[in-house]
Amino acid sequence: MWKMKGLKDKEYVGFAALPNQLHRKSVKKGFDFTLMVAGESGLGKSTLINSLFLTNLYEDRQVPDASARTTQTLTIERRGVEIEEGGIKVKLTLVDTPGFGDSVDCSDCWLPVVRFIEEQFEQYLRDESGLNRKNIQDSRVHCCLYFISPFGRGLRPLDVAFLRAVHEKVNVIPVIGKADALMPRETQVLKQKIRDQLKEEEINIYQFPECDSDEDEEFKRQNEEMKGSIPFAVVGSCEVVRDGGTRPVRGRRYSWGTVEVENPHHCDFLNLRRMLVQTHLQDLKEVTHDLLYEGYRARCLQSLARPGARDRASRSKLSRQSATEIPLPMLPLADTEKLIREKDEELRRMQEMLEKMQAQMQQSQAQGEQSDSL
Amino acid sequence: MSKGLPEARTDAAMSELVPEPRPKPAVPMKPVSINSNLLGYIGIDTIIEQMRKKTMKTGFDFNIMVVGQSGLGKSTLVNTLFKSQVSRKASSWNREEKIPKTVEIKAIGHVIEEGGVKMKLTVIDTPGFGDQINNENCWEPIEKYINEQYEKFLKEEVNIARKKRIPDTRVHCCLYFISPTGHSLRPLDLEFMKHLSKVVNIIPVIAKADTMTLEEKSEFKQRVRKELEVNGIEFYPQKEFDEDLEDKTENDKIRQESMPFAVVGSDKEYQVNGKRVLGRKTPWGIIEVENLNHCEFALLRDFVIRTHLQDLKEVTHNIHYETYRAKRLNDNGGLPPGEGLLGTVLPPAPATPCPTAE
């Protein structure tokens, strides 16, 4: 607790109390967080989300059978829930991708997901450049939990294609679903295989920031352990198993024993929860804003400033991603004529602004050179 | 025991000229029975012993195919079934392994012996099935292989100077591995089984079943059975080939309650209650492969090897092969393949019904 020294004290100004003020403001404002879950169906995604946030978000879900799924295309579903704990309110939005990886032919099935992520960026860009910026809703996807099958031998071609399409647009955290299918040694081997494949395919997953040197040893050790266990091998369950004498635990009861979800020797659920919710929630949002969104914005505005020409640097970076990369901001199809005209106006204004800025820069450069030569 | 003519099959893949009723197995009419006990001992019951001796001398062939996405434990399961390393594991986790771009067919033969009986076992693996992003028509190489074996047998059969014992490479049994998603079958599963259940005996199994609790297992099995029924997929043992009431009751029980078998395979042994058992050791317990409370491996093994092995071969020979043969003869105008009218040689069998989309 900070003790506010009196204003008469000349050595002490008091701005050290700023974090407190921020904290109070944020608590009042509440947190927004958008989490996307992706992966083949049947890997325990919904159960894990329910376990992570101790809710039953998927109560009314109807899983379609195989014949229905032959014609289903990938849809994007959003579910919102408000969770309050210790006075802090979190408005959690879950983005689901039912139908991913289900069809016989899954070519390009990740495109709707990429488009969705970009649409959120585009929305934010519009809001940010707009006139009324008081209540910008941040619907950008802050994190994508990608579920890998424990039955395969590492990443499948579809996994690689999806990850390559989204890794520069969203924080990807790879997760091995239904990890109770694996014996401990198999888990280690699979994790190593996945790590090797991620490196080989040059997929950039979310990087944990290094610990500050002033953090205590325990925190550092925990952090290292967390980093070493990526991809997290998780098991989810919302059922409490009461095994006679022992205490009740959340887990899955089999004839040969019970898997405890919160037992670190059984799976990495605790690590994932700690990382996602307790320690890196804010960092995920920051990386989304400072890195991923800014990257998108720069690409957008650059291609606006030079219409028709493509930035070579960004193109080589993007070329590894899906070939249908769209540099210009995309308008949602449902827009009416009016909105399209408004958008055109805005784009023209932005372009003029940029040209003015460029002209100004050139001018000041020229002036600088002149003054140098004098 | 003669039944009424079996119903016609309307399969688009078969030519229209197929004679409608499927040929029934060649069973002689039931003879008038004489109770030999009244007249003295004849000794015809020793035929069983004579057959047994002959079988032991000649041994027999069994060809089993495994189909399913990579990593579902196909090779491990076959090794566990036959208690020997008959299937080389595609990747022993350490080796570099590239998923093949198209489905490959790899047949490996072994001779295994038990109690003086020799079995030439061939395990046919299908790496690459269902592993690509686009799996359209990935069952075609498999269907082609199966038909090629029928063709090989047919060619031997119609030879003038044919071998005493025609080598049998026909696929007697196809184990199809279903991924234990807990939801339902995947569209690819349906597509495969729809195409192939008319051509070969398919036994669906739920792979890596140690990831489902008892309730989840039974719900999943029910849903899978229902989906197969709704889509008209007849897995082995097919209802239409039950020969008598005894068969029917036994097979009904298997069809409606046990199948698809939820299995776990393992080639490692652990000590449980003083015994060494095949299993999987996890921090929360040891899963015993042959323990019926843990999984249904023992049921699958008994079904495929101990009770229905011969029947699998018979249905393949009497039903699937005969269907293929009839179609080939029909296409050839009633003549054996290789001989056209006026002695011209006709083109070889169309191994795949539809051209591969590429």
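This note goes through a predicted model with chains A and B, point by point.

1. **Chain A overall.** Chain A holds 11 helices and nine strands. Of its 374 residues, 45% are buried. Now take the contacts in chain A with a separation of 6 or more. Residues 24 or more positions apart account for 69% of them.

2. **The nonpolar core.** The largest nonpolar core has 162 residues. Those with the most contacts inside it are A:Trp110, A:Leu145, B:Leu175, B:Phe192 and B:Ile203. Which helix gives the most to this core? Helix H4 of chain A, residues 111–129, does, with eight residues. As background, nonpolar side chains tend to be buried together in soluble globular proteins.

3. **One core residue up close.** Look at B:Leu175. Leave aside residues up to four places away in sequence. B:Leu175 then touches B:Ile64, B:Met65, B:Val66, B:Val67, B:Leu77, B:Leu81, B:Ile203, B:Val205 and B:Leu300. One of these, B:Ile203, is also listed with B:Leu175 among the core residues with the most contacts.

4. **Size of the interface.** The size of an interface is often given as the accessible area lost when the parts come together. Here, the area buried between chain B and chain A is about 4200 Å². Carbon and sulfur atoms give 56% of that area. Chain B brings 48 residues to the contact, and chain A brings 46.

5. **Pairs across the interface.** How many salt bridges cross between chain B and chain A? The rule finds three. In one salt bridge, A:Arg252 meets B:Glu216, with N to O at 2.7 Å.

6. **Chain B's side of the contact.** Four elements of chain B each supply at least two residues to the side that touches chain A: helix H5 (187–196), helix H6 (214–230), strand E8 (275–282) and strand E9 (285–288). The largest share, four residues, comes from H5(B). By class, this side has 17 nonpolar, 19 polar and 12 charged residues.

7. **A salt bridge between distant parts of chain A.** Over all chains, the rule counts 42 salt bridges. A:Glu201 and A:Arg164 form one, with their closest N and O atoms 2.7 Å apart. The two residues are 37 residues apart in the chain. A:Glu201 lies in the loop between helix H6 (184–200) and helix H7 (217–228), while A:Arg164 lies in helix H5 (residues 157–166). Relative accessible area is 23% for A:Glu201 and 25% for A:Arg164. Each is partly exposed.

8. **A salt bridge within one helix.** A:Glu218 and A:Arg221 meet at 3.1 Å, N to O. Why can their side chains be brought together? The two are three residues apart in helix H7 of chain A, so about one helical turn separates them. A:Glu218 is partly exposed at 41% relative accessible area, and A:Arg221 is partly exposed at 44%.

9. B:Arg280 and B:Asp210 form a salt bridge at 3.0 Å, N to O. This pair links distant parts of the chain, 70 residues apart. B:Arg280 sits in strand E8, and B:Asp210 in the loop between strand E5 (202–206) and H6. Are these two residues buried or exposed? Both B:Arg280 and B:Asp210 are buried.

Note on methods:
Residues numbered from 1 in each chain as written. Chains lettered and ligands numbered in written order. Predicted model: local features only at pLDDT ≥ 70, side-chain atom pairs only at ≥ 80, totals over all residues. Heavy atoms only, no water. Contact = heavy atoms within 4.5 Å. Buried area = accessible area lost by both parts, 1.4 Å probe. Salt bridge = Lys/Arg side-chain N within 4 Å of Asp/Glu carboxyl O. Nonpolar A, V, L, I, M, F, W, Y, C, P; charged D, E, K, R; others polar. Core = buried A, V, L, I, M, F, W, Y, C linked by side-chain atoms within 4.5 Å. Buried < 20%, exposed > 50% of the residue type's maximum accessible area, 1.4 Å probe, protein only.
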